Each structure stands twice: as C-alpha cells, then as structure tokens.
Amino acid sequence: MAERPVVGIVMGSKTDLDTLQGAVDVLVEFGIPHEIRILSAHRTPEKVLEWSQTAEQRGIEVLIAAAGGAAHLPGVVAAKTVLPVLGVPVASTTLGGMDALLSIVQMPKGIPVGTLAIGKAGAANAALLAIAILGSSRPELRRALEKYRQKRAEEVLQTDASVSKK
C-alpha cells in the first residue's frame, strides 16, 4: 500500500500543471508522498473549502497552492486550514504573472501564505520549502536536502572550473 500523502498540491486549472510539474518532480525525487488536485476558487469553491478543511485529517502537513490571474486559490486554501500554505503565482495572463504574485502576496493579517516566485522556479522552490518544513521533524529529509544543495553547489563549481580554463 502506498504511503499517505504529506504534501498536497492544488491548482486552479489543468493548464497550471505545466508550471507545477517542477514541484511534482522535486517531491518525486525526494520520495515525498503527495496528492495533486485541480480545483478552482471561483468555479468549484465548495470543493476547495472541503479539500482544504480536511487536509490535516488526511495526513497532509504542507499545502502548495498555485493560481494565475486573480489567484485567489492560495488565500482560500489558507483561510480553511492552519497548515503551512505555499503559494505559487502562475504566469497565465498578459501581465506575466505579476497580477497573481501581487494577489497571493497581499494576504490580510492572520491568513498567511508563503509566496514563492512566479512560474516554474517558484513551483520547484515551493516543493523544496515543503521538504525543509517536513525536514524539521524528519532528520533523513533534512540530510537529503543538504545533499541536494551540496550537489547544486558542486555543479556550479564544475561549471566555473570549466569556464575559467578557457
């Protein structure tokens, strides 16, 4: 039997999956059980509220919510749970995601959403931040994250070494 998901990912549209794939890839790389849902704050608000409210009961510990445009999804999710919610703005409009970024980052006092960068880098970083949060009580995840970061540092140093020899 598969492990219960500890990270929940929700996005407002199936077109957002391209942006969120980086988060999914990071969670898979670290072996983090997760669930993925497509729910809209505007088109399926009751389902969003239910999913958010029951996340903790299902074993979820961190939520990643992504949306473009008005980007209300992360805030609605955060309003119905005390779990950490990480918001990822999606560049789905002619404004390039700035509208989503401003919407997600401007949460009222008392309903926090940790807001990441617009797009794929923000999605991957949301997963890494979720792993860091989970790693505070799971030493093996903390070590895996340290190893991941060390590998990224080594890649930069190898690139630097090859460029500086030219």
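The model is predicted, so local features are taken at pLDDT of at least 70 and side-chain atom pairs at pLDDT 80 or more, while totals for chains, interfaces and linings use all residues. Residues are numbered from 1 along each chain as its sequence is written, and side-chain values use heavy atoms, without hydrogens or water.

Helices (H or I, at least four residues) and strands (E, at least two) are DSSP runs numbered from the N terminus, and two strands pair if DSSP finds at least two bridges between them. Five strands form an open, parallel sheet in the order β2-β1-β3-β4-β5. The strands β2 (34-38) and β5 (114-115) stand at the edges with a single partner strand each, so one side of each lacks a neighbour in the sheet. Between β4 and β5 the parallel pairing runs over two bridges, and T115 in β5 is the bridge partner of G87. Helix α5 packs on the sheet, touching β1, β3 and β4, and its direction makes about 175 degrees with that of β4; such angles run from 0 to 180 degrees between N-to-C directions, with axes fitted to C-alpha atoms, for helices over the stretch in contact.

Among the buried residues of α5 are G122, A123, L128, I131 and L134, where buried means under 20% relative accessible area, exposed over 50% and partly exposed in between (1.4 Å probe, protein chains only). The elements that cover the buried residues of α5 include α1 (17-29) and α6 (139-164).

A nonpolar core is a set of buried Ala, Val, Leu, Ile, Met, Phe, Trp, Tyr and Cys residues joined through side-chain atoms within 4.5 Å. In the largest core, of 29 residues, V7, I9, L20, F30, I32, I64 and I131 touch the most other members, and α5 supplies the largest share, eight residues. Beyond its neighbours within four places in sequence, F30 is in contact with residues including L128, I131 and Y148, contact being heavy atoms within 4.5 Å.

The structure holds four salt bridges, each a side-chain nitrogen of Lys or Arg within 4 Å of a carboxyl oxygen of Asp or Glu. The table lists three of them.

| Salt bridge | N to O distance |
|---|---|
| K120 and D18 | 3.6 Å |
| E35 and R58 | 2.6 Å |
| E61 and R138 | 2.5 Å |

E61 lies in the loop between α2 and β3 and R138 in the loop between α5 and α6, so this pair ties together parts 77 residues apart in sequence.
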